[in-house]
Amino acid sequence: MPALDVELKNDLCEITRLLNLVEQFAKDTGLPDDALNAVMLSLDEAVTNTINYGFPGGGIHCIRLTLRREPDSITSIIEDDGIPFNPLEAPEADLTSPIEDRPIGGLGIHFIRNYMDELYYRREDGKNIFTLVKKIS
Amino acid sequence: MEIKSENLSNGRLICLDGKLDTTTSNAFSDVLLKGMDEEPMNVIIDMAALKYISSSGLRVLLAGLKKIKAQNKIMVLAALQPHVMEVMDIAGFSPLFTISPSREDALALLQKKANG
């Protein structure tokens, strides 16, 4: 079962590297384009959120990402030692207000909910462990 | 990610090539918003070569739209790839923007507006 294991720093510059790694993994494992876009977007949003809000105390932290390609799905696991945050409990995004007062926050988790098929969260040993599963049709 | 900006006779043309992710959206913000501050004019954003956009990219587009409306100018998004269009739809952004199927259509639209 092909897998990818990477460690990212809590620095927004890491997102481009993350997407390039996911793209390469998709190429190596023959992942369809739709699934690749779904995984890139969901990981971009989730890791960006962790980097922006997970470490209010600052300092250098490591965010660990594991990708597993199974015949009919791709599973991503994001592990970080940031403050406890359960993305599954985040409120729904506002998608209908006029542009003057449309808040942009919340769109990330909205994308993740839309593009992923299964989401799991657990807090373990002081770590957030967020698992995202995309089925491949 | 490559961002090119050029001034045409009736507006500014910005071409995006690559992925608008959290990292690259800052550079796009600089080009789009600073350009609007320096010289208010209509803007076409050619997305034919843009293969990816995240909420960071959408945030820049929304900020640009708000600014250009305040300037009484028009911003047109042109030639969106299906994945980018889908993200715009899921975000509920599509109804907010003027979207053209191609750069030529967007240019024609600006010309029509200029002719009143």
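I began with A:Glu124, which is partly exposed at a relative accessible area of 34% (buried means under 20%, exposed over 50% and partly exposed in between, with a 1.4 Å probe and protein chains only). I note that this is a predicted model, in which local features need pLDDT of at least 70 and side-chain atom pairs count only at pLDDT 80 or more, while totals for chains, interfaces and linings use all residues. Residues are numbered from 1 along each chain as its sequence is written, chains are lettered from A in the order in which they are written, and side-chain values use heavy atoms, without hydrogens and water.

**Salt bridges**

I looked up the partner of A:Glu124 and found A:Arg122, the two side chains meeting in a salt bridge at 2.7 Å, N to O (a side-chain nitrogen of Lys or Arg within 4 Å of a carboxyl oxygen of Asp or Glu). A:Arg122 is partly exposed as well, with a relative accessible area of 40%. Salt bridges that share partners join A:Glu23, B:Lys19 and B:Lys51 into one network.

Because they lie 3 residues apart in helix 1 (residues 14-29) of chain A, about one helical turn separates them. A:Arg17 is partly exposed at 37% relative accessibility, whereas A:Glu14 is buried at 11%.

**Between the chains**

I then turned to the contact (heavy atoms within 4.5 Å), which takes 24 residues from chain B and 26 residues from chain A. In chain B, the residues that lose the most area to chain A are B:Tyr52, B:His83 and B:Ile90, together 26% of what that side buries (buried area being the accessible area, with a 1.4 Å probe, that two parts lose on being put together, summed over both). The two chains bury about 2,200 Å² between them, 60% of it on carbon and sulfur atoms.

I count 2 salt bridges between chain B and chain A. B:Lys51 forms a salt bridge with A:Glu23, with 3.3 Å between the closest N and O atoms. On the side of chain B that touches chain A, helix 2 of chain B gives the most, with 7 residues.

How values were computed: Helices (H or I, at least four residues) and strands (E, at least two) are DSSP runs, numbered from the N terminus.
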